[in-house]
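Please walk me through this structure, from its overall dimensions down to the packing inside. A plain account in running paragraphs will do.

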Amino acid sequence: MLGLTTSFIGRNIHYEESVESTQKIAHRLASQGVPEGTVVIADEQKSGKGRMNRNWHSPKYTGIWMSLILKPNIPLTKAPQLTLLTAVAVVQGIEEITGLIPEIKWPNDILIAGKKVTGILTELQAEADQIHSIIIGIGINVNQKQEDFPLELQEKASSLFIETGKTISRAELIRCIFMHFEKLYTLYLEKGFMPIKLLWEGYAVSIGKIIKARTLTDVIEGEALGITDEGVLKIEDQSGFVHQVYSADIEL
Ligand code: BTN
């Protein structure tokens, strides 16, 4: 139906009209041993999950709400690299379908004209240092109108429809993202993170700027120096100390 050009990403699709969260279903399927590249897609999520225990607004038919199951043979510490890889694949897909030039705010927000159009949530199934599966949740605001967003999101969220003035085919965008994702993931498995890091840096907005990073326990302010080879953000504070930040919300 999607006219896929991939060989394993999205070849096994689990579609539901309405779910609590595609992440929840993907976790269950991953435990049952579905093949790598399996994707759970829903038209609506009643309790979409965002990072840092937030909700993700996922109204019916307007966005892409999907979770991708991967089984890479990499150590646990390298899992953040796949969040960055996913952000690049989504940016490339959005660029190709809409002509817009999105930016990435570390680690996983995709912005257009400074407003968030996509969030990525990476969750792991692991034992000791061994990854069993990585579940990558991708939420893309595609055809929402401004008034479809709850009031508290209207200032900071946008959709591809709002930014282009055109209705975008969700199926076409999904197909395109799968194609970019598979190319990047194959490159990553063959050559490692370096080529992905270079691409990511080309889209990143936060690097070289003075930023504030809010972690669950701390606020770190300083210059964003870049990312490590693991995909972790380095911030140099006023005293010259370089912090390594694994997960945070960034204020530019
Ligand atoms: C963020 O907070 O920026 C991450 C948002 C991730 C939302 C996606 S939508 C599909 C998948 N299922 C969920 O419940 N969450 C992710």
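Two residues are taken to be in contact if their C-beta atoms, placed from the backbone, lie within 7 Å. By that criterion, and leaving aside its neighbours within four places in sequence, V90 is in contact with I110, T118, I138, I140 and I177. The model in which these contacts are found is a predicted one.

V90 also has a place in the largest nonpolar core, which has 61 residues. Together with L85, A87 and V88, V90 touches the most other members of that core. Helix α2, residues 79-98, is the element that gives the most to the core, with 10 residues. The core draws at least three residues from each of domain 1 (13-203) and domain 2 (210-251). As a general point, nonpolar side chains in soluble globular proteins tend to be buried together. Over the protein chain, 40% of the 252 residues count as buried.

Domain 1 covers 13-203 and domain 2 covers 210-251. Taken over C-alpha atoms, their centres are separated by 23 Å. To the contact between them, domain 1 supplies 11 residues and domain 2 supplies 10 residues. On the side of domain 1 that touches domain 2, α2 gives the most, with 4 residues. The protein chain has 6 helices and 14 strands. Its radius of gyration is 17 Å, close to the 18 Å that the globule rule gives for 252 residues, so the chain is as compact as a globular protein of that length. Along the principal axes, the C-alpha atoms fill a box of roughly 55 × 45 × 30 Å.

Seven strands, in the order β1-β2-β5-β9-β8-β7-β6, form an open sheet with mixed pairing. At the edges are β1 (13-19) and β6 (103-105), each of which pairs on one side only. From one strand to the next, the twist averages 20°. Within this sheet order, β7 (residues 109-112) and β8 (residues 115-127) run antiparallel and are joined by 3 bridges. L111 stands opposite K116 in β8.

Of the contacts between residues at least 6 apart in sequence, 63% join residues at least 24 apart.

Terms used:
Residues are numbered from 1 along each chain as its sequence is written. This is a predicted model: local features need pLDDT of at least 70, side-chain atom pairs count only at pLDDT 80 or more; totals for chains, interfaces and linings use all residues. Helices (H or I, at least four residues) and strands (E, at least two) are DSSP runs, numbered from the N terminus. The radius of gyration is taken over C-alpha atoms; the globule rule is 2.2 Å times the number of residues to the power 0.38. A residue is buried if 20 or more other C-beta atoms lie within 10 Å of its own, exposed if 12 or fewer, and partly exposed in between; C-beta atoms are placed from the backbone. A nonpolar core is a set of buried Ala, Val, Leu, Ile, Met, Phe, Trp, Tyr and Cys residues joined through C-beta atoms within 7 Å. Domain bounds come from an automatic or database domain assignment. Two strands pair if DSSP finds at least two bridges between them. Axes are lines fitted to C-alpha atoms, for helices over the stretch in contact, and angles run from 0 to 180 degrees between N-to-C directions.
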